[in-house]
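Okay, thanks for having me, everyone. Could you bring up the structure on the screen, please?

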Amino acid sequence: MLVLLAGIFVIHIATVIMLFVSTISNVWMVSSNGTSWGLWLQCNQNCSQLTVETGDEGSLQAAQAFMILSIIFSVIALVMFIVQLFTLEKGKRFYITGAIMLVCWLCILIGVSIYTAQFTSEMPELPSPHHGYCFILAWICFCFSFVIGILYLVLRKK
């Protein structure tokens, strides 16, 4: 049981770190000429503010907001897990931690889906664009947060 708790804790910390990296770094889309786009900046040799079409500003801000919310909920779930680990009675389940982690999962799903739908299909200024490591990390965090959330709901303190 202790090994399972330690494993979930390590995966949860890794998920938080990967969420930070994927949200902060600007390598969501990369072109063959070295230009990269993220949630915040467009980088070539120098980084500049990300410019999008007028109709897509709301979509970009929604993707940014949901990715930030996912980080916040993931950190709150980690703190709640530690609190519940020391205060929860034996035999009880980590319902609160699991629910918060599933909200994090939902925020990642919405944020990355908005970015995928609005910004990955049409990038005429980027020759042969492909997904960068931050985009892939965000989807990995999506999977990890779902598994961790379900494990927290099923797990009992012994």
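So here's one to start: how does cysteine 47 count, at its relative accessibility? With 47% relative accessibility, cysteine 47 is classed as partly exposed. Keep in mind that this is a predicted model.

Now, who does cysteine 47 pair with? Its partner is cysteine 43, and the two sulfur atoms sit 2.1 Å apart in a disulfide. If that word is new to you, a disulfide is a covalent bond linking the sulfur atoms of two cysteines. This one is right-handed, because the torsion about its S-S bond is about 105 degrees.

What about cysteine 104? Cysteine 104 takes part in no disulfide. The nearest cysteine sulfur belongs to cysteine 107, and the gap is 6.8 Å, too far for a bond. Cysteine 104 is at 0% relative accessibility and cysteine 107 is at 7%, so both count as buried. A search of the whole structure turns up one disulfide.

Okay, let's zoom out. The protein chain has four helices and five strands, and from the N terminus they go α-β-β-β-β-α-α-β-α. Of the 158 residues, 42% are buried. The C-alpha atoms fill a box of roughly 60 × 30 × 20 Å along the principal axes.

And one last thing, about charges: the chain has 6 positive and 6 negative ones, and their mean positions are 42 Å apart.

Notes
Residues numbered from 1 in each chain as written. Predicted model: local features only at pLDDT ≥ 70, side-chain atom pairs only at ≥ 80, totals over all residues. Heavy atoms only, no water. Helix = DSSP H or I, 4+ residues; strand = E, 2+ residues; numbered from the N terminus. Buried < 20%, exposed > 50% of the residue type's maximum accessible area, 1.4 Å probe, protein only. Lys, Arg positive; Asp, Glu negative; His and termini not counted. Charge placed at Lys NZ, Arg CZ, Asp CG, Glu CD. Disulfide = S-S within 2.5 Å.
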